[in-house]
Amino acid sequence: MDSVVGEIFHFQQQHWHLLPQRAIFWEEEKTLIVSDMHLGKATHFRKAGIAVPAGIEQEDLFRLQQLITRYLPQRIIIVGDMFHSTENNDVQYFRVWRQQFANISINLVKGNHDIMPDAVYEQLQIQVNTTLTISGIHFIHEPCDDHNGFQYTFSGHFHPAFVMQGAGKQRLRLPCFYFGPHCGILPAFGHFTGSATLDPAAHDPVFVIAGKSIIRAQ
Amino acid sequence: MQQRSGGWKVIHQWLEGNEFKPFKFQEDAWKAYLQGKSGIVNAPTGFGKTFSLFLGVLIAWIDAHPKDYTHKTKNGLQLLWITPLRALAKDIARAMEAVLQELNIPWQVGIRSGDTSLATRAAQKKQMPEILLITPESLHLLLAQKEYPNLFKHLHTVVVDEWHELIGSKRGVMVELGLSRLKGLRKEQLKVWGISATIGNLDEALEVLLGPYHNDGLIIRAKLKKNIALKSVIPQEIENYPWAGHLGIKMLPQALPVIHDSQTTLIFTNTRSQSEIWYQALLKEDPMLAGALALHHGSIDMELRIWVEEALHNGILKAVVCTASLDLGVDFRPVDSVIQVGSPKGVARFLQRAGRSGHQPGAVSKIFFLPTHALELVEAAALKAAMEEELIESRMPVLLAYDVLLQYLMTLAVSDGFHAAEIWEEISRTFCYQHITEDEWLWLLSFLTTGGDALGSYDEFRKVEREGDFFICRSRMMAMRHRLHIGTIVSDAMLKVKFMTGGYIGVIEESFISRLQPGDSFTLAGRNLEFTLIKDMTVLVRKSNSKRSIVPSYQGGRIPLSSNLGRMLRQKFNEALSGKSRDPELIALQPLFQLQETLSHIPKDNELLIEKINTKDGYHLFVYPFEGRLVHEVMAALLAYRLSLIQPITFSIAMNDYGFELLSDQPIPLTLENAKQLFSTDNLLIELQTSVNATEMARRKFRDIAVIAGLIFQGYPGKHKANRHLQSSASLLFNVFKDYDPQNLLLKQAFNEAFFYQMEEARLRETLERIAVSKIVITTPQRLTPFCFPIKVDSLRDTMTSEKLEDRIKKLITTND
């Protein structure tokens, strides 16, 4: 864990720890922010007879657990797509996992995949909202293009990746954190998720996840 | 005596009445068949190979029922005729029906393929026709039906047509598996025959068809030769002819006289995009061709393709621009000329295409070779020589295709279920699975029942149920899904293309359309179309008047040079160098060879040429082994890997059939002193495995494997949206398997396919051994040479690196600043 290096990004008068585990720790609010976990996705596939490896979500949650013990957040914000689909046994697994951190509040900003009945989230002690605003910072699942009246907005949904090109026709494609003029986009936290290539304006900050470290790409 | 049998006499009388005289190979085949043998008939098209087996079956039938063969009906399925092409089935059925009618045999001939209507299927289930023509996929679909053994109760003969086309592919494995089940049902009563054109490994083809333990198989050879006249169309000004390129449009004016002087011409291109471009360009060059020129490739609407084929039969068309889509299939009598645009990359394929003209036995097949870039003319000379020496490629059979086996087991599970011991016995007697281990078999079974290992109490995997030794799928939903997925031909997700006003045009790759903006124009089926929107998996377009339009580049268009042709190619370069060649192609190329010699060097037979050139792109290293792009791809990765051990360095890699290029942002540490060591066979296997490319190659192979094994859910036809939570890409699956289940057999298969089929490790080793005894010549030309130019402009590139990811990124950032 110690060899893993984050990058502290001072932005909008706040300190954002960009972490190679595909999460942000918001120092001022003691809040861990993740997006697009897609828990239960592999199980959803297996239930339909498609034998993807079991145990992917357990590993994802273990990674989150490591982040929690390291940064001791008071709150976790999930910017949408926490569970992949309808209820399956991974929800039960999560319930057990959740009990370790009963004192930490979990806020889910509803994404297009979050389709389970409200009662399920209630049982899991997850507060569900369509949007969330904390100290002027707004959270909504799908990125917005225009200014929406808030100081700044964080989103997910896109699963962003950034392509770098250079001499000798080299090319690299890596998951990234993106900070647009009004809206930032988080990388997908879940391991069993794809990514889409981002085409940012030249002056927008982009941080790529390069193995165990974070590197500012532009 | 067999010859005197009643059936033999009836057939002979009928042949004589029609003034047919049977070829010797046909009579040989009848004899062998009547003796109860199995085997392969090897004959070129146009010589009645269908009759060599079909009439044998009829003789046996008449012999068995001498009194009532003219009115015995409802006999059940007697003869199963497997064909790779639906279009072939129709014509063969027609020919068979004509014979049956004249002989007064009231047999039914049925066709079973993806096009067969539901009503016909139901009727067939009630009463099978005596002869059923079927594709490998449809055979497996029959095995996926409840109570399928009833369909085959009377079956005694299976014929596999165009076996040479099937054997090197996973469709061939489907045939092997289908046969293993039919043999299991019918035991010794089943005779299996193949029909094959000449290939390099015909004996092996027999082993694959009958299984490695067969003892009664034989090969009946027709010993008939087709006369082929090959003529190269030589550019008028070779000095100005492009050094690189793959379209050959500049040569189009020289193709027109061929079309005008022939009755009907087939113009073969190597890719679908190229055929689109040629179609447009021909119409522009000669507007009189409008209405008499057609286009035929795999993305064009089936009905339109059938229309083109009919029109070819009837001689309405002057010319058809086509791709491999017309390689196979029935003979079109009016076709008397073939134009091959660009290198066909193999002797067998070239012969096959040439054979599409001049069908009458004894007629000459005329084929014109039209180069798309200057150096390709050398390939024409090489092809000619290879044809004379009858150097025809082998088709390597597929081994241990776990993906196809998983699909097959699921097929049996959704019909009546299967007993593992029985099926194990059957499949381990096939060529493909003769070396499967018991552990692998158990893994496959558990993959279907428990979804592999690593089970926790939270697992909900559901697919096949196990009851002792019996395996069955009881979910109707999964059974239906599986039936929709049977097959091994995997293509990129295809979308239908329709006019806004209605009217279907064809299909197009999703990846191509996703790059277009509404309002952009593109070309499909010879039309300029404007992209409007995508709705319900359909691309809606309107007619475009735009002068500029994008031609889709389709995947899978690139065929590598075969090793036979590569060897000939090296010989021809040698001859060209000697200046004594009498090939018109080589004589025409002299100016280009002189330029190459002045700028750099032309390698002799015992030399390996390496060129080091610096341009604004960076430091280039070009190497020319002339071994075909597959071998070059691997050699390039290997060399890059070995160079990267000397110092941290990153390469981008490009290759073509003549050589490969390593490009770097820093000088490349290859010298005359270390060159031999860099090309040695020491530690070859280990270093191949460590070279980054193995993973990337395996990842590409995994796509097909994942689809065939049923890991990728393609959705129901027309019901795309409903299942979006089950969508995932093969690349993503590959990643999760690699990280979470590295022992997975499908992953192992992907690496195997990359190593043994794609990398052609044996051929690579031979090449390296050849280099070891060659003289290495390194030149440093001041500008790009005729040899290196086509490689440099190639846009498909791989990467090989020994630098740390972080370092590479930092470098990329600095160079961009």
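The largest nonpolar core has 125 residues, and B:Trp81, B:Leu405 and B:Ala413 have the most contacts inside it. A nonpolar core here is a set of buried Ala, Val, Leu, Ile, Met, Phe, Trp, Tyr and Cys residues joined through C-beta atoms within 7 Å. A residue is buried if 20 or more other C-beta atoms lie within 10 Å of its own, exposed if 12 or fewer, and partly exposed in between, with C-beta atoms placed from the backbone. Apart from this core lies another, of 106 residues; B:Leu293, B:Ala380, B:Phe522 and B:Leu540 are among them.

This is a predicted model, in which local features need pLDDT of at least 70 and side-chain atom pairs count only at pLDDT 80 or more, while totals for chains, interfaces and linings use all residues. Residues are numbered from 1 along each chain as its sequence is written, with chains lettered from A and ligands numbered from 1 in the order in which they are written.

Back to B:Leu405. Leaving out residues up to four places away in sequence, B:Leu405 touches B:Ile427, B:Tyr433 and B:Leu444. Contact means that two C-beta atoms, placed from the backbone, lie within 7 Å.

Now take helix α2 of chain B, residues 24-34. Helices (H or I, at least four residues) and strands (E, at least two) are DSSP runs, numbered from the N terminus. B:Phe25, B:Gln26, B:Ala29, B:Trp30, B:Ala32 and B:Tyr33 are buried in this helix. Seen down the axis of α2(B), the buried residues fall within an arc of 165°, so they line one face of the helix. The arc is that of the directions from the helix axis to the C-beta atoms. An α-helix has 3.6 residues a turn, so residues three or four places apart point the same way. The cover over the buried residues of α2(B) includes β1 (38-42), α3 (49-64), β6 (191-196) and β7 (217-221) of chain B. Just after α2(B), B:Gly36 takes a positive phi of about 85°.

Chain B has an open sheet of seven strands in the order β3-β4-β2-β5-β6-β1-β7, with parallel pairing. Two strands pair if DSSP finds at least two bridges between them. The edge strands are β3 (109-112) and β7 of chain B, each pairing on one side only. Five bridges join β1(B) to β7(B). Across this pair, B:Gly39 stands opposite B:Leu218 in β7(B).

Chain A has four helices and 16 strands. Of its 218 residues, 48% count as buried. Along its principal axes the C-alpha trace of chain A spans about 50 × 40 × 35 Å.

A:Trp26 has A:Thr31 as its bridge partner in β4(A). β4(A) also pairs with β5 (residues 75-78) of chain A, in the parallel sense over four bridges. There A:Thr31 stands opposite A:Arg75.

A:Lys30, in the loop between β3 (23-26) and β4 (31-34) of chain A, has a positive phi near 45° without being a glycine. With 13 C-beta neighbours inside 10 Å, A:Lys30 counts as partly exposed. A:His38 lies in the loop between β4 and α1 (41-47) of chain A. A:His38 also has a positive phi, about 50°, although it is not a glycine. With 25 C-beta neighbours inside 10 Å, A:His38 counts as buried.
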